[in-house]
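Here are a few notes from my pass through the model, for when you have it open in your viewer. I'll start with a helix, then move on to a strand and a loop residue.

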Amino acid sequence: MNPHYTRFLDALAGIPGDPVLFEPFIPVYLTEQLIWRRGEHLWDTVDCYLDTLFSLRERTYADVVVADMCRFGDALAGEMTDRMAEMATEEIRFMALCDSPLQLRCACGSAGVCAVGLYGWETWLDANEAFALPAVAMDGDCGAAIERGFAGWYCPDSAEEYWNTCHEKISILGGLGVDWLKTGQPVAIHERCEDLFRLTKNSGYLVGSGGEVTKEDYLSLISLLGIYRKYR
């Protein structure tokens with residue numbers, strides 16, 4: 001089944017369906033390995049960065065392109081979200097990761113952005129501000145994210161535990177645990193993902209490590225991407 005940003009939104013909204021991948025922090029080395037291209041020119045401008053992420057999405061078969069606006073900061077926030085609108089297709093939209101009010105405003109005003117992820121939100125997000133797009137808390141406490149009205153929470157580990165206790169209140173993204181992935185054999189990774197797919201029916205759960213994999217984690221990442229593709 002071909003990727004489509006609405007599948008990401010459905011999973012985030014708690015609608016059962018096919019597995020949805022959320023692996024937003026694939027490092028430069030592994031990204032370049034996956035897209036079969038290398039060089040600083042892939043990352044040094046807004047256009048190049050977004051083009052690289054679009055290529056990565058094709059290789060991972062993700063339903064959205066996750067773009068970190070923090071990389072270029074407030075100064076280029078408008079340029080970045082304008083470019084996202086230009087690059088979006090009928091099937092693919094961006095999820096924009098933000099760490100400031102300006103980035104959030106630009107992201108929510110872009111036709112190319114379908115969801116946002118917020119860092120450090122407890123220090124800068126207006127307590128009374130309503131979310132214009134589905135929002136994921138990329139850090140902080142799960143309980144605090146529920147109280148604030150986030151649609152999802154980026155879970156560092158223990159996905160099963162958090163899903164069992166919280167999925168009726170908030171969607172869980174990631175949660176396999178980077179340390180677990182480092183030590184997990186391909187068979188174990190496949191079996192755990194299959195168990196999660198059966199447990200959650202992919203309602204309010206999006207599969208992923210829950211952290212930042214390193215270039216040494218290539219085989220673990222490939223195992224995760226492989227079982228995801230098998231079920232898509």
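Which residues of helix α5 (residues 101-108) are buried? Keep in mind that this is a predicted model.

1. On α5, the buried set is Q103, L104, C106 and A107. These four sit on the same side of α5, because the arc they cover around the axis is only 165 degrees.

2. Now have a look at strand β1 (residues 64-68), where five of five residues are buried. Both faces are covered: V64, V66 and D68 are buried on one side, V65 and A67 on the other.

3. How does β1 pair with β2? The two strands run parallel and are joined by five bridges, and V66 has M95 of β2 standing opposite. To get from β1 to β2 the chain passes through α4, making a right-handed β-α-β crossover.

4. Last one: is D217 buried or exposed? This aspartate belongs to the loop that links β7 (205-206) and α11 (218-231). D217 counts as buried because its relative accessibility is 7%, and the cut-off for buried is under 20%. If you leave out neighbours within four places in sequence, the contacts of D217 are V178 and K182.

Definitions and conventions
Residues are numbered from 1 along each chain as its sequence is written. This is a predicted model: local features need pLDDT of at least 70, side-chain atom pairs count only at pLDDT 80 or more; totals for chains, interfaces and linings use all residues. Side-chain values use heavy atoms; hydrogens and water are left out. Buried means under 20% relative accessible area, exposed over 50%, partly exposed in between (1.4 Å probe, protein chains only). The arc is that of the directions from the helix axis to the C-beta atoms. Contact means heavy atoms within 4.5 Å. Two strands pair if DSSP finds at least two bridges between them. A crossover is right-handed if, with the strands pointing away from the viewer, the path from the first strand over the helix to the second runs clockwise.
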